[in-house]
Amino acid sequence: MKPQMARHIIPKIISIVLLTGCASAPQTPVRVEVPVLVPCIGEVPQRPVYEFDKLPSTATDGEIVLALARDWARSRTYEQTLQATISGCVDKQHPG
């Protein structure tokens with residue numbers, strides 16, 4: 001090969017090699033969504049303190065009945081709060 005020809009061909013070969021490296025673009029990242037379990041209950045309702053639990057073992061039948069009557073309203077409120085919390089979890093996990 002003649003030196004004059006080599007001077008023209010070598011830069012062309014180098015530029016072709018460099019350009020082919022630029023022609024292949026890197027692969028773009030693929031977004032993959034993976035379901036992750038999260039707690040559906042933010043705060044557990046506080047269990048009320050029942051009068052019946054504080055009664056002494058020597059309590060009369062009348063005292064027991066009165067304590068149970070007063071505790072009934074507390075227990076219904078607590079039960080409704082628990083049901084509302086649980087139903088919120090069921091609705092989020094199984095939309096229907």
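Good morning. The protein chain contains three helices and zero strands, where helices (H or I, at least four residues) and strands (E, at least two) are DSSP runs numbered from the N terminus. Along the sequence the pattern reads α-α-α. Please keep in mind that this is a predicted model, in which local features need pLDDT of at least 70 and side-chain atom pairs count only at pLDDT 80 or more, while totals for chains, interfaces and linings use all residues. Residues are numbered from 1 along each chain as its sequence is written, and side-chain values use heavy atoms, with hydrogens and water left out.

Let me begin with the chain as a whole. Of its 96 residues, 10% are buried; here buried means under 20% relative accessible area, exposed means over 50%, and partly exposed lies in between, with a 1.4 Å probe and protein chains only. The accessible surface of the chain comes to about 9,000 Å², and carbon and sulfur atoms account for 63% of that surface. These areas come from the Shrake-Rupley method with a 1.4 Å probe, and for residues only the protein chains shown count as cover. Among contacts with a separation of 6 or more, 55% are between residues 24 or more positions apart, a contact being heavy atoms within 4.5 Å.

I turn now to helix α1, which spans residues 3-23 and includes Ile13. On the surface, Ile9, Ile13 and Val17 form a nonpolar patch with about 250 Å² of accessible area together. Patches are made of residues with over 30% relative accessible area and no salt bridge, with like charges joined within 9 Å and nonpolar side chains (Val, Leu, Ile, Met, Phe, Trp, Tyr) within 5 Å. Ile13 has a relative accessible area of 48%, so this residue is classed as partly exposed.

Next, the charged side chains. How many salt bridges does a search of the whole structure find? The search finds five, a salt bridge being a side-chain nitrogen of Lys or Arg within 4 Å of a carboxyl oxygen of Asp or Glu.

Is Asp71 buried or exposed? Asp71 counts as buried, because its relative accessibility is 5%. Leaving aside residues up to four places away in sequence, Asp71 touches Tyr50, Glu51 and Phe52. The side chains of Asp71 and Arg74 meet in a salt bridge at 2.8 Å, N to O. The two residues lie three apart in helix α3, about one turn of the helix. Arg74 is partly exposed, with a relative accessible area of 32%.

A further salt bridge connects Glu79 with Arg76, the closest N and O atoms being 3.5 Å apart. Glu79 and Arg76 both belong to helix α3, three residues apart, about one turn of the helix. Glu79 is partly exposed at 33% relative accessible area, and Arg76 is partly exposed at 34%. Finally, salt bridges that share partners join Glu51, Arg70, Asp71 and Arg74 into one network. Thank you for your attention.
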